[in-house]
Amino acid sequence: MLRYALQIEYHGGPFAGWQRQAGGLPSVQASVERALGRLEPGPHTIAAAGRTDAGVHATAQVAHVDLARDWDPFRLSEALNAHLRPDPVAITACAPVEAEFHARFSALGRRYAFRLVARRAPVTHDRGLVWQVLNRLDLAAMRAGAAELVGHHDFTTFRSTLCQSKSPVKTLDRIEISELAYPGGIEYRFDLAARSFLHNQVRSIVGTLERVGAGSWEVGDVRAALAARDRAACGPVAPPQGLYLVGVAYPADPFAR
């Protein structure tokens, strides 16, 4: 068997998440595995760098698959994209990798982006792709709140009660928040990087920082919530449609060929 890395882009709206679901609910994994089955007899099981939740998007998810045929990477990606239609999933890069490569366990880091739009008029073109609030937020306050969370911490407050990680302790390498022009309003872009994230960690952080930006929380409230190590101390969890998996880092970029 030969191993291939796939870079995958998808709109999470129609799916119950990345992971294959019991009962036949639509998932990104099942969609890609179904396309693979049309190229080579299956069943196929692919592993991904991150198991995104229902409604969450990706511009650069990474998965690996083992195939019997020696595929040209370009032809493999073209064939998969043909069989993925009409699902909102696309293979944007494909590369042969060593048998030891694992999309999840070989990863050194992951990057997520969250898009939050503040405007009065309903979004149209970005419906299902951003979290919309009505009023502008205090960027400086959100940046100050984010600074309280960067570093090595116990993130119990900011993880789902369903999280299966063995430890709530993680190192959050970066949270950057920027303001972008948006028709009739402002887009706030949150960029977060870490080796790995807890379940719902990014959405919990963004939801809490939105409260700071809206003036409902003070920066000290973020500090206190982190120190509480109590899920009940968290702010509201941001909705999934604003969240994107935008990058996965490896010791060597499998697609830089």
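A residue counts as buried when its relative accessible area is under 20%, as exposed when that area is over 50%, and as partly exposed in between (1.4 Å probe, protein chains only). By this rule Cys163 is buried, at 13% relative accessibility. The model is a predicted one: local features need pLDDT of at least 70, side-chain atom pairs count only at pLDDT 80 or more, and totals for chains, interfaces and linings use all residues. Residues are numbered from 1 along each chain as its sequence is written, and side-chain values use heavy atoms, with hydrogens and water left out.

**Overall fold**

- The protein chain contains five helices and 10 strands; these are DSSP runs (helices H or I, at least four residues; strands E, at least two), numbered from the N terminus.
- The C-alpha trace spans about 60 × 40 × 40 Å along its principal axes.
- Of the 257 residues in the protein chain, 51% count as buried.
- Contact means heavy atoms within 4.5 Å.
- Among contacts in the protein chain with a separation of 6 or more, 71% are between residues 24 or more positions apart.

**Surface and charge**

- The protein chain has an accessible surface of about 12200 Å², and carbon and sulfur atoms hold 51% of this surface; the area comes from the Shrake-Rupley method with a 1.4 Å probe.
- The 29 positive and 25 negative charges have mean positions 3 Å apart.
- Lys and Arg count as positive and Asp and Glu as negative, while His and the chain ends are not counted.
- Each charge is placed at NZ of Lys, CZ of Arg, CG of Asp or CD of Glu.

**Cysteines**

- A disulfide is a pair of cysteine sulfur atoms within 2.5 Å, and the count by this rule is zero.
- The closest cysteine sulfur to that of Cys163 is in Cys234, 13 Å away, which is too far for a bond.
- Cys94 is buried, with 14% relative accessibility.

- Asp126 lies in the loop between strand 5 (109-118) and strand 6 (131-133).
- Asp126 is buried, at a relative accessible area of 15%.
- Beyond its neighbours within four places in sequence, Asp126 is in contact with Arg115 and Tyr182.
- Glu179 belongs to strand 8 (residues 169-182).
- Glu179 is partly exposed, at a relative accessible area of 40%.
- Beyond its neighbours within four places in sequence, Glu179 is in contact with Leu137, Leu139, Ile186, Glu187 and Tyr188.
- Glu179 and Val32 are 147 residues apart in sequence, and their C-alpha atoms are 35 Å apart in space.
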